[in-house]
Amino acid sequence: MTHDSLILDVPEHPFAHFVRILGKGKRGSRSFTQQEAYDAMQMILNNEVEDLQLGAFLMLLRVKEETVDELTGFVQAVKDLSHAPSIQVDLDWSSYAGKRRHLPWFVPAILLLAQAGHRVFIHGASGHTTNRIYTEPLFKALGLPIANDWEDCKKLIESHNFVYMPLRGFSPRLEQIIDMRSTLGLRSPVHSLARLINPLNAPAVLQGIFHPPYSGLHQQAGQRLGYPHLAVIKGEGGEIERNPDNALKVFHANPEGTWEEDWPAMFPRRHVKPDALSLEHLIGVWRGDIQDEYAEGAITGTCALALRLIRGCTIETAQAEASSLWQARNKRRI
């Protein structure tokens, strides 16, 4: 028996290269370049990785925290493989967090935008975290439009000016990864990148994040992706929803640069958090049967953010227009 015959030649899996980059220890590991992130995500989306590798990859990224290069590369890979058609929309609205402290007042805000003639594409995922109200089941309960595929999306946008499309409708692989939270015990970077996909390439992109350090990350990635106008806020519960009790910092980006602006609090004193969340309360506020100052502030304040982004108007003009839309709403819409 020769020396060479004692050496086992086990071929390395192609994706092991990407796991090794992240996992070589404090001195040996590093972040991905944008191209490496793109290549790694393409392999993931094409089901060219083992489950063990995917879990290690996601958790190593979670501990390290993703960079602008990584987030940009991941998002671009998803966009290139989503094969979205050309459907004209004004605003991309991501909804992945779910609500637990307050009702999802951003949904009535979307109704006001549609009422004003603006076309809003909403995408998200549901059920990955317990004890939260997610957008898809809420849309079902209220009889609001949900698209299963791009053909549905086009028809519903034309007839309603807005539509919700679950992530599985254009990237089922990403939704599978988001659903791994119950197995891994932690959210993965997919929760961040999904917010930035903007599959229909809307000229205006709103982002709601929960952890403030992610504001700049999403802002810079939006600029790198070439979005004409992106705005990021620390949204209530991580959704795109303004808490009217707090002053708000908005992080803007376009291909030419990034900037920030401050919106003042809408009320001098904070409101008490509700003891329970009920669909009947949301419907009652919309129909005018229930008076809720916090809810009205959250709805019109969130609508104003979107109007400023879409139209480029001043904060004051956007808020006045949002308040007018609220007063003129069709109270029987929901």
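Q: Which residue takes a positive phi just after α4?
A: Glu65 does, with a phi of about 75°. Helices here are DSSP runs (H or I, at least four residues; strands are E, at least two), numbered from the N terminus. The model is predicted, with local features needing pLDDT of at least 70 and side-chain atom pairs pLDDT 80 or more, while totals for chains, interfaces and linings use all residues. Residues count from 1 along each chain as its sequence is written, and side-chain values use heavy atoms, without hydrogens or water.

Q: Which residues of α4 are buried, and what covers them?
A: Buried means under 20% relative accessible area (exposed is over 50%, partly exposed in between; 1.4 Å probe, protein chains only). In α4 these are Gln53, Leu54, Gly55, Phe57, Leu58, Met59 and Leu61. Their cover includes α1 (16-23), α3 (34-45) and α5 (68-82), along with α9 (172-178), α10 (181-184) and α11 (190-195).

Q: How many residues does the largest nonpolar core have?
A: Nonpolar side chains tend to be buried together in soluble globular proteins. A core joins buried Ala, Val, Leu, Ile, Met, Phe, Trp, Tyr and Cys through side-chain atoms within 4.5 Å. The largest has 60 residues, and those with the most contacts inside it are Phe15, Met41, Phe57, Phe121, Cys153, Leu174 and Leu193. Helix α3 gives the largest share, 7 residues. Another core lies apart, with 50 residues, including Leu138, Ile240, Leu248 and Val285.

Q: What does Leu193 contact beyond its neighbours within four places in sequence?
A: Contact means heavy atoms within 4.5 Å. Leu193 meets Met41, Leu71, Phe74, Val75, Val78 and Leu174.

Q: How many aromatic pairs are there, and why is Trp93 with Phe106 called stacked?
A: Phe, Tyr and Trp (six-membered) rings pair with centres within 6.5 Å; planes under 30 degrees apart are stacked, over 60 edge-to-face, the rest tilted. There are 11 pairs. Trp93 and Phe106 have ring centres 6.3 Å apart and planes at 25°, so they are stacked. Trp93 sits in strand β1 (residues 91-95) and Phe106 in helix α6 (residues 106-115), 13 residues apart. Trp93 is buried at 0% relative accessible area; Phe106 is buried at 1%.

Q: Which residues form one aromatic cluster?
A: Phe15, Phe18, Phe32, Phe57 and Phe74.
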